[in-house]
There are 2 protein chains.
Amino acid sequence: MIKILRIDSGAAGGPKATEVPTGEYTGLGGRALTSTLVAKEVPPLCHPLGAENKLVIAPGILSGTIAAMSGRISVGAKSPLTGGIKEANSGGQAAQVMARLGYAAIVLEGKPETDDLYKVYVNKDGVKIIKDNSLKMLPNYDLAEKMKAEYGDGVAMISIGPAGEMKLGAATVACTDMEFRPTRHAGRGGLGAVMGSKGIKVIILDDAGMKMRPPKDPEKYKEANKKFVEGLAKHPVTGQGLPAYGTNVLTNIINEAGGYPTYNFKQGRFDGANQISGETTAETETARGGLATHGCHRGCVIRCSGTYNDKDGHYLTKQPEYETVWAHGGNCGICDLDAIAMLDFLDDNYGLDTIEMGAAIGVAMDAGLLKFGDAEGAIRLMKEVGQGTPLGRILGSGAAVTGRVFGVERVPVVKGQALPAYDPRAVQGMGVTYATSTMGADHTAGYAVTANVLGVGGKVDPLKPEGQIELSRNLQIATAAVDSTGMCLFIAFAVLDQPETFQALIDLINAFYGLNMTGDDVAALGKQVLKTERDFNARAGFTKEDDRLPGFFKTERLAPHNVVFTVPDEELDKVFNW
Amino acid sequence: MIKILRIDSGAAGGPKATEVPTGEYTGLGGRALTSTLVAKEVPPLCHPLGAENKLVIAPGILSGTIAAMSGRISVGAKSPLTGGIKEANSGGQAAQVMARLGYAAIVLEGKPETDDLYKVYVNKDGVKIIKDNSLKMLPNYDLAEKMKAEYGDGVAMISIGPAGEMKLGAATVACTDMEFRPTRHAGRGGLGAVMGSKGIKVIILDDAGMKMRPPKDPEKYKEANKKFVEGLAKHPVTGQGLPAYGTNVLTNIINEAGGYPTYNFKQGRFDGANQISGETTAETETARGGLATHGCHRGCVIRCSGTYNDKDGHYLTKQPEYETVWAHGGNCGICDLDAIAMLDFLDDNYGLDTIEMGAAIGVAMDAGLLKFGDAEGAIRLMKEVGQGTPLGRILGSGAAVTGRVFGVERVPVVKGQALPAYDPRAVQGMGVTYATSTMGADHTAGYAVTANVLGVGGKVDPLKPEGQIELSRNLQIATAAVDSTGMCLFIAFAVLDQPETFQALIDLINAFYGLNMTGDDVAALGKQVLKTERDFNARAGFTKEDDRLPGFFKTERLAPHNVVFTVPDEELDKVFNW
């Protein structure tokens, strides 16, 4: 990964590719690279859909190697949804393939002069950019079929669906999985809209003829990887819970904890939870000939995904994630697993963030457009997004815009981004992360569910403010570092609980690059990333007043625990004092 | 004006009225009162449509007296459009009637428990609040007919149309004029949505049996008023231009100056300007039996309004203001005066801000929904707003939301509020006001067109940055003071140019209240109002980064002068350094 591919969409006659050395970005990967580049090169007050914004796609520093779990790819830009800096990352094949091709990043920049749509093909011989308006408004699955016909299914595809072309605030950047299905998404913050604004529909990465990236010390690397995999296998979450039931194992857990936001964050428990739980999903998948345990990229040993078939046994979608099942399910009062799977498929197909869409539909339900629990209605609304009707565009612009247009006060967003599947009143550590993250409300930015609910990495009472600031701070730092390695965040369960697995991760980095990093160095990297992001946001006009939850979380009590969010504002302002 | 009427919409069983002494707000009127009360009582981070926001309606300190031009009423709240503090003021009868009834302010607070709609009736005997769901979604003109049947046309009406009930960001608070038509609006910032969120459809003010407010020194007051009126009569703008052609006299002037934003701010001159100018409007009005010169409230001596009849000689709307003619006209490439008048009528009828709606339709045209110049299409879109279709709600949420939903980069807003009818590149003093005003882009907040174009109050080259900061600063200070007196802002032309007219204004205040104020005291009041508003906005999370124009004004050259906005950011940050 010694070069950066820059594609200038504003070049006369159409996008033009240039390969440059990594230069000042050398040694950075994933989120560290996307955020550093965006902070340095994108004017914080620019329009997110304008010429000055840049979309940065970067595999992690361990991607493309034999290391297990190293298949995350980061996508960054100034977010059309939040107006702040954004990094969203995705599984799938793209990270590994792109890293093997030697690219530390692909950067889309400039603004096209025309409405033409382009396809980018990258292989060992270089880069081809092809105008192809026949791709216009193709959903991701159809696009994948078409690309498979042209390039086979051994390549990796990064793409946008119609939502990205329409430049909607909930538009994602999709990555194909091992079956060349567009099921993994850099979902949050509308990054697909930025890709759409550059006129790039799809990037095909073909690593035929390329090799695994070689470590400086191959033996040490192999050894570290072995210990790392062992650590993951022996931890109950990564070794048992996630493989058996996927992330949706959380439905019953969070519901039991009373932190499952139901009916647009009106209560903390959902009567229909059991019908849509991970256990029920796994059973259904197995019974219908799908897979309950499956990886999303080569080198995954946790295998938290799966395939979900319809009643007739035909593939419908990948195993919906917990947050998706919640967003389209409990949050909307829907307990029909097939409907939720259909909504997941539509999100993937149109290129939409499942969390943002579930939240937007929840707000629309509060506005009276649909009754809570109306699964058919939700599917109908989602199809409007794909069609680009005015109502569809409203919803596809996210929960905040939906609230604005329909005059709704109860809009669960921070910095314009919808809250995920953990009520901040009953999981107060998550509330701290939602409020203070540079990303807007984002569970992955500092997953305090660990110590708040799962008893991983210590224990902190989820209903009380004490200890939440420190917990969220440490998790946000660790996450910013992990998001830069290319490692799947789920390694954190084992890394937090098992010192030897944490050491194995550091050994991987050291062995690969010939370094002598310590845990402190990893923390320093995380802090540096957060500092860079906070600085960008400050220059974009963000203040501590943006680091707040919507008011109703402080005033409306959440059943069954009858709690409000009680972490004081002054404490929130200390998260980044380290 | 010794009492405040507080109506708590959150009271059990429906809104409850309480009369309280003015207390700490004694001596304040208009914008000084609304902004002081909002800043003190409304939490800056609250949801604009929530229980904690308050809608404050306040006549000026000279309203309800014999003073000419004293009929402005201020409406304030946290704005649903900008998220900051908001004062918008209106002509019409309400200020005079309310002041005579003895109210310094009516404050709507709390949040209703039900969707019921209420009517408030105030007369010398007190306050009645009546539930009346038959008023739901009534347009303002129909509402006026209904109220006239109940209360006669000697009362004043403050109301919202369907837009306010739908809580749209462009919703206004309407006031009836001398003919009991709902033609005067506190237009900007979505204040109608706040009124709608309180469940109050209409306030009827009946001053039967009440008298003119008596000055401390009646003789001096009469004398000062005489001089004041003389000053207005002898100034060419207030004595000739405005009476003859209304505010729309500006179309030819601003177009000639190359500062008339055309096709969503793409050029500074409009080929069709002559077809929609004030001169053409006055001719048309006269030819059709309308009025080219008419006041909007009792006591107006400038009489810049009029009545616009359709081709058959039937009343269609009041004389559309310059900014309306521009917003729906040149900004959308439309040069059909009848279509513009129809759009003005629809705005008034639904209760929508003409500037925000014209800007939103301009953005929609840029998004390809309509062709520029399509007058019928614009009327069709406007009717969608009244019907509350998804597309209508998008547009009614304003230009910024419309840009978000349709993925448009060229969105002429500051702090979420649309720029009015003066291009900041060719009238750079207005650019300073747009960027820095506490209100979002607002021409009335510091009308630098005076010295930039009209040669009133000095001369400052409109195409250059020099002198614009000081000009905008002084005008913003003066305006904040004038907006607190109840005086129509148009007195400023004579007050700026004629020291004796300025003195007459101060004499009016002194004679009425038995004070010894000087010009410096007036400036101090204006500064205090701005400071209060700036402080609210800072606590709401606004920073200097919010005091900026959209980027394209700094990069795209405006024909015919081929200029960009050149006032440096660092200079903008000095506007409030006094």
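**Exercise 1.** Which side chains of chain A and chain B meet in a salt bridge with an N to O distance of 2.3 Å?

*Solution.* The model is a predicted one, and the rule applied to it asks for a side-chain nitrogen of Lys or Arg within 4 Å of a carboxyl oxygen of Asp or Glu. The side chains of Glu409(A) and Lys111(B) form such a salt bridge, at 2.3 Å from N to O. Across the interface of chain B and chain A, two salt bridges are found by the rule.

**Exercise 2.** Describe the interface of chain B and chain A, going from its extent to its residues.

*Solution.* Begin with the contacts, in which 30 residues of chain B touch 30 residues of chain A. The area buried between the two chains is about 2,300 Å², and carbon and sulfur atoms give 58% of this area. Next, count the residue pairs in polar contact between chain B and chain A, which number four with both residues at pLDDT 80 or more. On the side of chain B that touches chain A, helices H14 (390–396), H15 (399–406) and H21 (519–539) of chain B each supply at least two residues, and the residues of this side comprise 16 nonpolar, six polar and eight charged ones.

**Exercise 3.** Work out which strands stand at the edges of the six-stranded sheet of chain A, and why one side of each lacks a neighbour.

*Solution.* Write down the order of this open, mixed sheet, which is E8-E7-E12-E9-E10-E11. Strands E8 (126–131) and E11 (184–186) of chain A are at the edges and have a single partner strand each, so one side of each is without a neighbour in the sheet. For E11(A), three bridges join this strand to E10 (173–175) of chain A in an antiparallel pairing, with Ala174(A) opposite His185(A).

Methods. Residues are numbered from 1 along each chain as its sequence is written. Chains are lettered from A and ligands numbered from 1 in the order in which they are written. This is a predicted model: local features need pLDDT of at least 70, side-chain atom pairs count only at pLDDT 80 or more; totals for chains, interfaces and linings use all residues. Side-chain values use heavy atoms; hydrogens and water are left out. Contact means heavy atoms within 4.5 Å. Buried area is the accessible area (1.4 Å probe) that two parts lose on being put together, summed over both. A polar contact is a pair of N or O atoms within 3.5 Å; within protein, one must be able to donate a hydrogen and the other to accept it, and residues adjacent in sequence count only if both atoms are side-chain atoms. Helices (H or I, at least four residues) and strands (E, at least two) are DSSP runs, numbered from the N terminus. Ala, Val, Leu, Ile, Met, Phe, Trp, Tyr, Cys and Pro count as nonpolar, Asp, Glu, Lys and Arg as charged, and the others, Gly among them, as polar. Two strands pair if DSSP finds at least two bridges between them.
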